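Subject: The structure I promised you

Hello,

Here is the structure I said I would pass on, with some notes on what I found in it. Please have it open while you read.

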Amino acid sequence: MSEKLTAEQVRHVAKLARLACTDEEIAEFTEQLAAILQYVGQLEQVDTADVEPLAHCLPVHNVFRRDEVRPSLTNDQALANAPQRDGEFFAVPKVLDDASA
Amino acid sequence: MNVQTIVGLEIHVQLATRTKLFCGCKLGFGDPPNSNVCPVCLGLPGTLPVMNRTAYEYAVRTALALHCQIARFTKWDRKGYYYPDLPKNYQISQYDLPLSFDGHLEIPLEDGSAKTIRILRAHLEEDAGKNLHEGLDHSRVDLNRTGTPLLEIVTQPDLSDPAECRILAEQLQRLVQYLGVSEANMQEGHMRFEPNINLHITDDDGAEYRTPICEVKNLNSFRALERSVAYEQWRQKQQWQRDHAYTQENHGKQNRGWNDDRGETVFQRAKEEAHDYRYFPEPDLVPIEMDDAWLAEIQASVCELPLARQRRFIEHYGLSAYDAGVLTAARSTAEFFDEAVAARGPAKRVANLITQQGLKIANERGCAVGQIGISAARIGQLAQLIEDGTINASAAAAVFDTMLTDQRDPETIAREHRLIQQSDAAALAVVLAEVLAAHPQAVADVKAGGKKTKKARGFLLGQVMQKTGGQANPQIVNTLLDESLQ
Ligand SMILES: [Zn+2]
């Protein structure tokens, strides 16, 4: 990372992650994130000109499962960890559905 | 002024696997909420996804049918997604190495010509669950659908009007149903469309404009797809006419929603922000390598495609384009037709029996034509009886109805119901001689030629039919009439 991370970039990332941060937190995280990026950035010093890009760190491919139904959880089990439920549903603060997969 | 509409289409097709993409939860429609979920699709920490082999093969099968290049090496990526219907906070998808790319699909246009639409890529990804919030102060989340395998197909911007978009979607539905990779049931949301639309406008002074590309999200019917593209055509032109600065350069891309009741699209947000998906290689899934043997195995599972079959029916059997379209709408119908023809049924007769009677009954009963109680072989036999003049078309219709519940061969049924045509020329000649002797005036009219000939001749034929209880073969009687009245 040659350029320094800005508070504006941190705000943008926080927004994309739906996190509400105070100005103090933004300042704090900007510093922390910049330090992390600088640390990881040391990797850029390695000469990788002749190295094939690696898609995965394990030397394994084609791990599949058969298309066979396995038992699911019960509804109560599924909702056991939910902070809030509404009958058989998870209940969450109202979301506006402006995105889709 | 010249206005060109440019549309590219993203289509999500739900694959007809038994289980989800990365876990063994059942794919079910209308099951109780949060009943087909497990730690993997709930996104619980410490769980690992495992790829469904069938889903991958279905995706490759479809890609092959779309004439795509199949990647010999693919990997998986995480796409940032911050909504509660996908609780991992990311969607597993494919970014830079999709499983297939560079294909095409030919679509038949309404004027009878065909157009080739290029396919940019087709890749696998997981679906989200459902957020429900109508009439509530909070949202309810059902994660049954979370992790359902979706094939995302992206076309190049080769479509140029609303009808082409609909036709492509319909062709794709027929294709995936033929391939057996998706039920493509629209009511259950198995196909969803996202058209990207803009206009290329050349003004009278030669100046060129491009209106902002608008992506209409999440359309789930052919009608909504066609209507929304038509609406955008109109809206973008209006907006540009009011303000020539309404361009892609000034406004960028945007997402719009479709309001079906009002028949219009609604601005949702500018696209740049949403575009920051922060793709990231998925460390929990290992890559996939496709070797020749596996590819050949999948290639062998690709059946004759609908449009090719439709053409074969027209060119090889001389069917009308309309009949060929009806017979190839569903793969089961097309195969039934092929089977009946293979059982030595004359093609046009078989086509008539299936389109005029078989499909009608199948539709009433909500089943395939092969399930109405008459085998393809018996349809072939019946068609043969019509062809060789043993029975006439109206008798065939009656025999057909009887065959639904009577498993005997059609000729036996026709005989029992006295529907066999009298084709014995010697016997018919005797009947004709009686008729001619009884009606000298009509005979005279025919022989005289002139205006009364046709009517008199019809009268004589009618008399023969009456005397034989409607069973005389009219062609033979006509020949005999010719001979005796020369
Ligand atoms: Zn699951």
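Before the sheets, one definition: two strands count as paired if DSSP finds at least two bridges between them. Please also keep in mind that this is a predicted model.

**Where the two chains meet**

With that definition in hand, look at the open sheet of four strands that runs in the order β2(A)-β3(A)-β10(B)-β9(B), with antiparallel pairing. The edge positions belong to β2 (85-86) of chain A and β9 (130-132) of chain B; each has a single partner strand, so one side of each is left without a neighbour in the sheet. On the chain B side, three bridges hold β9(B) and β10(B) in the antiparallel sense. Within that pairing, Asn131(B) has Val141(B) of β10(B) as its bridge partner.

How many residues of chain B are in contact with chain A? The count is 49 residues of chain B, against 36 residues of chain A. Elements that give two or more residues to the chain B side of this contact are β2 (51-52), α1 (53-65), β10 (138-142), β16 (264-270) and β18 (288-289) of chain B. The largest share, five residues, is supplied by β10(B). By type, the chain B side holds 20 nonpolar, 16 polar and 13 charged residues.

**Helix α1(B)**

The helix α1(B) is also worth a look. From its first C-alpha to its last, its 13 residues reach 19 Å, close to the 18 Å expected at 1.5 Å a residue. Is α1(B) largely enclosed or open? It is largely enclosed by the rest of the structure, because 10 of its 13 residues are buried. Among the buried ones are Tyr56(B), Tyr58(B), Val60(B) and Arg61(B). His67(B) follows α1(B) and has a positive phi, near 60°.

In soluble globular proteins, nonpolar side chains tend to be buried together. Here the largest nonpolar core has 69 residues, and Val13(B), Ala59(B) and Leu168(B) touch the most other members. Helix α2 (residues 162-179) of chain B provides the largest share of this core, nine residues. If you leave aside neighbours within four places in sequence, Leu168(B) is in contact with Leu9(B), Leu105(B), Ile107(B), Ile117(B) and Leu159(B). Apart from this core lies another, of 34 residues, with Ala376(B), Ala395(B), Phe400(B) and Ala414(B) among them.

**Domains of chain B**

Chain B is divided into domain 1 (2-289), domain 2 (306-416) and domain 3 (425-484). The centres of domain 1 and domain 2 of chain B, taken over C-alpha atoms, are separated by 39 Å. Their contact takes six residues from domain 1 and four residues from domain 2. On the domain 1 side, β7 (100-108) and α2 of chain B each supply at least two residues, and α2(B) gives the most, with four residues. That side divides into three nonpolar, one polar and two charged residues.

Strand β5 (residues 77-80) of chain B pairs with β17(B) over two bridges, and Arg78(B) stands opposite Phe280(B).

Two residues other than glycine have a positive phi near 55°: Arg18(A) and Asn218(B). Arg18(A) lies in the loop between α1 (7-16) and α2 (23-41) of chain A. With 10 other C-beta atoms within 10 Å, Arg18(A) is exposed. Asn218(B) sits in the loop between β14 (214-216) and α3 (222-242) of chain B, and is partly exposed, with 17 other C-beta atoms within 10 Å.

Lastly, Ser394(B) belongs to helix α12 (residues 393-403) of chain B. Ser394(B) counts as exposed, because it has 10 C-beta neighbours inside 10 Å. From C-alpha to C-alpha, Ser394(B) and Leu419(B) are 9.4 Å apart in space and 25 residues apart in sequence.

Enjoy exploring it!

Notes. Residues are numbered from 1 along each chain as its sequence is written. Chains are lettered from A and ligands numbered from 1 in the order in which they are written. This is a predicted model: local features need pLDDT of at least 70, side-chain atom pairs count only at pLDDT 80 or more; totals for chains, interfaces and linings use all residues. Two residues are in contact if their C-beta atoms, placed from the backbone, lie within 7 Å. Ala, Val, Leu, Ile, Met, Phe, Trp, Tyr, Cys and Pro count as nonpolar, Asp, Glu, Lys and Arg as charged, and the others, Gly among them, as polar. A residue is buried if 20 or more other C-beta atoms lie within 10 Å of its own, exposed if 12 or fewer, and partly exposed in between; C-beta atoms are placed from the backbone. The expected span of a helix is 1.5 Å times one less than its number of residues. A nonpolar core is a set of buried Ala, Val, Leu, Ile, Met, Phe, Trp, Tyr and Cys residues joined through C-beta atoms within 7 Å. Domain bounds come from an automatic or database domain assignment.
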